[in-house]
Amino acid sequence: MKIIVPMAGRGSRLRPHTLTVPKPLIPIAGKPIVQRLVEDIAGVLKQEIEEVAFIIKDDFGREIENTLLSVAENLGAKGTIYYQDKPLGTGHAIMCAADSLSGPCVIAYADTLFRADFTLDESADSVIWVKQVDNPEAYGVVQLNDKGAIGGLVEKPAVFVSDLAVIGIYYFKDAGVLKAELQKVLDNNIINGGEYQINDGIKAMMEKGMKFVPGQVDEWMDCGNKKVTVETNTRMLGFLKNSGENLVSDSVDMEGSEIVPPCYIGENVVLKNARVGPYVSLGDGCFVENTVIRNSLVQTRAILKNAELDNAMIGNHAKFDGSFTSVSIGDYSVLE
C-alpha cells in the first residue's frame, strides 16, 4: 500500500504561522498535521505501508523535506519527494507523483485529520472517505445508488442530493487506472474552476463501470485557518486523553503552577505561576510565567508572560507579554 500526500501550498489562510513552516507541519497535540494524517491512515488500513510520497513546492527546503522523509521512515516506509512547480489543481498535483501511482494507494490531502474505525472494502475499485454534514451545500458530496455504492460526485449542490461530504481521502485498488484517466485530463486540457481536478479522473472511472463505495469517518477535523486549527487541536487532545495516551513530558519544570488536562506539554517546558489548560498544546522549550492559558495551540520555544489567553495560536520563538508597553509586530500578525 502507498500513501500519496499532495501538500504543495504553504497555507496562506494560516499566516503568519506558515511563513516559515508549511501548514502540514504545524503541530496538533504535539505532532505535525501530516504525521498524524499518515499514521491514522495506516491505522485504519491495517496494512503495511511501502511508500509515502509527498508533493510539495520546490522552495520548502531541505530541512522540511528531511522531516517529511522521517514521517515515512517512522512507518517503516520509503519516503519520496515530488515537486509541483505551479498550483494547477488537485489532478495536476497528483500527476506530479506519477512514478508512484501504481497498485493499491491512498491519496490524502494534508490539511485534514479524521477519526475512523471501518474495514476497507477491498472488492471496490475505490473508496471515497466521507463525513455526514449539516450543510452539504458548502462541500463536494457523493451521491449513492440503491445499492449503497457511489454513483456520482456533486460540488456544492444548490439542491439537496446527499449529506455525505468528501473529506479529501481516497483509496484506489490500482492507482495506475487513476493515473491513466488523469493523463487524459491533462492531455485534453479538461479544466474546471481554472484547474485540473481529481474529480474528472474519478468520473471517467465511474463512467467505465468501476465500483466506488463510501468509507464513512466518525470525526473530520479541518486545519484550514487559525480558528478551526485551534478547534482541531482541542478535539484531538480530547481523543488522545480518552485513549489513555500520556501527553505531558517528564521534563516539564513546574513552580507554583497547575496543568488542567487534557494538555500536551512538550520537552523542557518551564511553567512559573501559570495555569495551563484545559485543551492547550505547548511545544518543546516554551516558557510560561504569570499566565493563564486555555484552548490554545503554542508551537516551540515561545515565551508567554503576564497574560490571559483563550483560543490563541502562537508560533515558534514568539514572545508575548501581557504587560507590554512596546510592540514589534510583523507581516500578517493578528491581535484581537
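**Exercise 1. What span should the 13 residues of H2 have at 1.5 Å a residue, and how far apart are its end C-alpha atoms?**

The model is predicted: local features need pLDDT of at least 70, side-chain atom pairs count only at pLDDT 80 or more, and totals for chains, interfaces and linings use all residues. Residues are numbered from 1 along each chain as its sequence is written, and side-chain values use heavy atoms, with hydrogens and water left out.

Step 1. Helices (H or I, at least four residues) and strands (E, at least two) are DSSP runs, numbered from the N terminus. Helix H2 covers residues 62-74.

Step 2. The expected span is 1.5 Å times one less than the number of residues. For H2 this gives 18 Å, and the end C-alpha atoms are 18 Å apart, so the two values agree.

Step 3. After H2 comes glycine 76, with a positive phi near 75 degrees.

**Exercise 2. Determine which residues of H2 are buried and where they pack.**

Step 1. Buried means under 20% relative accessible area, exposed over 50%, and partly exposed in between (1.4 Å probe, protein chains only). By this criterion Ile64, Glu65, Leu68, Val71 and Ala72 are buried.

Step 2. Viewed down the axis of H2, the buried residues fall within an arc of 110 degrees and therefore line one face of the helix; the arc is that of the directions from the helix axis to the C-beta atoms. On the other side, Arg62, Glu63, Glu73 and Asn74 are exposed.

Step 3. The buried residues pack against helix H1 (33-45), strand E4 (51-56) and strand E5 (78-83). Glutamate 65, at a relative accessible area of 5%, touches Ile56, Ile81 and Tyr83, leaving aside residues up to four places away in sequence. Contact means heavy atoms within 4.5 Å.

**Exercise 3. Describe the surroundings of E4 and the handedness of the crossover to E5.**

Step 1. In E4, 6 of 6 residues are buried. Glu51, Ala53 and Ile55 point one way, while Val52, Phe54 and Ile56 point the other way.

Step 2. Two strands pair if DSSP finds at least two bridges between them. E1 (residues 2-6) pairs with E4 in the parallel sense over 5 bridges, and valine 5 stands opposite phenylalanine 54.

Step 3. E4 and E5 run parallel and are joined by 6 bridges. The β-α-β crossover from E4 through H2 to E5 is right-handed: with the strands pointing away from the viewer, the path from the first strand over the helix to the second runs clockwise.
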